[in-house]
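Have the structure open as you read.

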Amino acid sequence: MSMNPFCEIAVEEALRLRESKAVDEVVAVSLGPQQVQETLRTALAMGADRAIHVSTEQQLEPLAVAKLLAALARREQPLLCLLGKQAIDGDNNQTGQMLAGLLSWPQATFASKVELDKAASSAKVTREVDGGLETLSCQLPAVITTDLRLNEPRYATLPNIMKAKKKPIAKLTPQELGVDVTQQLVTLQVEEPAQRKGGVVLGSVAELVEKLHKEAKVI
Amino acid sequence: MNKDWMGKYSGSSSLGLRPSSTEQVSQILAYCSLRRLALVPQGGNTGLVGGSVPVFDEVVLNMSAMNKILSFDEVSGVLVCQAGCILQTLEEHVSQRGYIMPLDLGAKGSCHIGGNLSTNAGGLRLLRYGSLHGSVLGVEAVLPDGTVLDLLRQLRKDNTGYDLKQLFIGSEGTLGVITAVAIQCAPKPASVQLAFLSCPSFAAVQQVLRHAKQSLGEILSAVEFLDQESMAMATQYLPGVSNPLAQAGPDAAQQQQQGGGGEQGGPFYMVVETQGSHAGHDKEKLEGFLEAVMADGSVADGTLAESQAQAAAIWRVREGITESLVRRGAVYKYDLSMPTHKMYELVQLVRQQVAHLPGVKAVGYGHVGDGNLHLNVSSPSGYSDELEQLLEPFVYEWTAQQSGSISAEHGIGLMKAPVLGYSKSSEAVNLMQRLKVLMDPHQILNPYKVLPGVEHMGRVEMYDDR
């Protein structure tokens, strides 16, 4: 099981913030069955200080994840929640935004650059938007979601991989956090997009008119 | 078609042919035999010894139109295909069916399986899957007189007379033109692990190799090494390639200072890959191996690929060295086999020899698991007689003194025909020449390649005929 690429970027950014002394501690969190511990070990091997595993066999929807993270944030009181902008399995792009909403924290999504001002307790985040780049300033604590160009994640080096085995992974359940993670969405239907049909070369205007009338039914 | 991949060898042919069937190849060779027209069989043209391009005006027989996959047996894993199939295409095809090709090399995106066979290509997986002499089950080839030799069986065991297909594997298109291949593929491993390690010295590299063979033996699939100079080339000349062990931050300055080309040439980097059927077992074995090599100091630092993307990036560093050198300028390539403990000594000697030439750099890398060194001398200002004389025959003589091979896997081609004697006795070369004249009496296939001075023998035969 490998870490979601956008989450890798989030871990890397957190580590860089700690290295520049903007933050003191990096805590990696993952939610799900036993296998997620592998991902947490990777985060620890990259350099995270400790990890929390919210253990559940339940399939988790973005809102459930956001609620669990919100409950954790109220316990841990972090300065910053760094998330990948989306997971490459669901591609939902919702969790970070909903987390900010639940906590009533400011959010800066699709970050391509993050600058923390510890003294002023604020962050300046450059985000990638359709029109180009947008720079926001927000008070901390805040939620930031990462985009591809924010950084290039480091490789976990062997000495750190060995050290990571001794770092603690705390285990919690949704019940302990007081969150109901029952699924609220039901998948009704999944279908492939219609196959793209090849174009047809027509012989004359008359043929075109006939096709537009009889087949496409637009005239 | 007239120029080789490195830009070092160039012919002046005015005719290229692209047959699409064995029958066409047969007709072409029969005609050329009759008319005494010389031919160069050409695959992906990625050869590194000038064997795939004309020397003068030989007709280029390009096999790229013979690119059909004929069959694949999902139970036995035997692939049958035409000689002009690109290796990467074959890899993708069998991969979808749960198998992998028994060979892998940096040129996979362009090289043909026919060319791989003709050169007995080695590559990154030889350590695990052996040489093509073992994994090729059958061959269809056309003899210089146009005769089609159908040896295309899919049998693992077939001891019926002389194993003629072996004649075409490694003879570099001088005895016949391979038109189809039956090859044994291996099951796709469920678990592939990749470690990238940094070692303080070449002695440490050998220690790691020993540990790897002992603790990872049955799952070990590749052991490669590269020196600091090779790493510098790859990171400087390949866009988007960086050293996986170079960390951003306060350590970076210290790392840059640890320059290469020093007496030891270090730090040295190694790629260790395992392929197995069970991820849990393999990871456990790998952890044991890593703990051992870190404990005895033979590994200073390292990383384990955590995703396919990281694994690909690590392989890109090793596989891209050749390309980076070509981007830098002219390259003198030496592909040598010798006792492992001697390998880096040669690199250091050559480095000293060329130290006074501005911009010229010697790099060492290769299949340390197979005792195969790739010694390259990069000259951004171009090929020069002065540099060539400094290197040859010194490199060949030194290798011969270690009872090594002057061409581990690249073959002889045009480049090494004159120096074949450094690795084969005159009796052996003589028998090769007699076989050549027997099979190709009119000397039409790939003349001037592989064997020294055969054309003289050929002419003698012809005079006798008259």
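A salt bridge here is a side-chain nitrogen of Lys or Arg within 4 Å of a carboxyl oxygen of Asp or Glu. By that rule, the interface of chain A and chain B has three salt bridges. Please keep in mind that this is a predicted model.

**Where chain A meets chain B**

- The contact brings together 14 residues of chain A and 20 residues of chain B.
- About 1,400 Å² is buried between chain A and chain B, with 57% of it on carbon and sulfur atoms.
- Y155(A), L158(A) and M162(A) supply 45% of the area that chain A buries against chain B, more than any other three residues.
- One salt bridge to look up joins E38(A) and K283(B), whose closest N and O atoms are 3.7 Å apart.
- On the chain A side, helix 2 (36-46) and helix 5 (158-164) each give two or more residues, and helix 5 of chain A gives the most, with four residues.
- By class, that side of chain A has six nonpolar, three polar and five charged residues.

**Inside chain B: domain 1 and domain 3**

- The domain assignment of chain B gives domain 1 (1-187), domain 2 (191-322) and domain 3 (329-462).
- The contact between domain 1 and domain 3 of chain B takes 39 residues from domain 1 and 27 residues from domain 3.
- These two domains of chain B bury about 2,800 Å² between them, 67% of it on carbon and sulfur atoms.
- Between domain 1 and domain 3 of chain B, the count is zero salt bridges and 13 residue pairs in polar contact (both at pLDDT 80 or more).

Key. Residues are numbered from 1 along each chain as its sequence is written. Chains are lettered from A and ligands numbered from 1 in the order in which they are written. This is a predicted model: local features need pLDDT of at least 70, side-chain atom pairs count only at pLDDT 80 or more; totals for chains, interfaces and linings use all residues. Side-chain values use heavy atoms; hydrogens and water are left out. Domain bounds come from an automatic or database domain assignment. Contact means heavy atoms within 4.5 Å. Buried area is the accessible area (1.4 Å probe) that two parts lose on being put together, summed over both. A polar contact is a pair of N or O atoms within 3.5 Å; within protein, one must be able to donate a hydrogen and the other to accept it, and residues adjacent in sequence count only if both atoms are side-chain atoms. Ala, Val, Leu, Ile, Met, Phe, Trp, Tyr, Cys and Pro count as nonpolar, Asp, Glu, Lys and Arg as charged, and the others, Gly among them, as polar.
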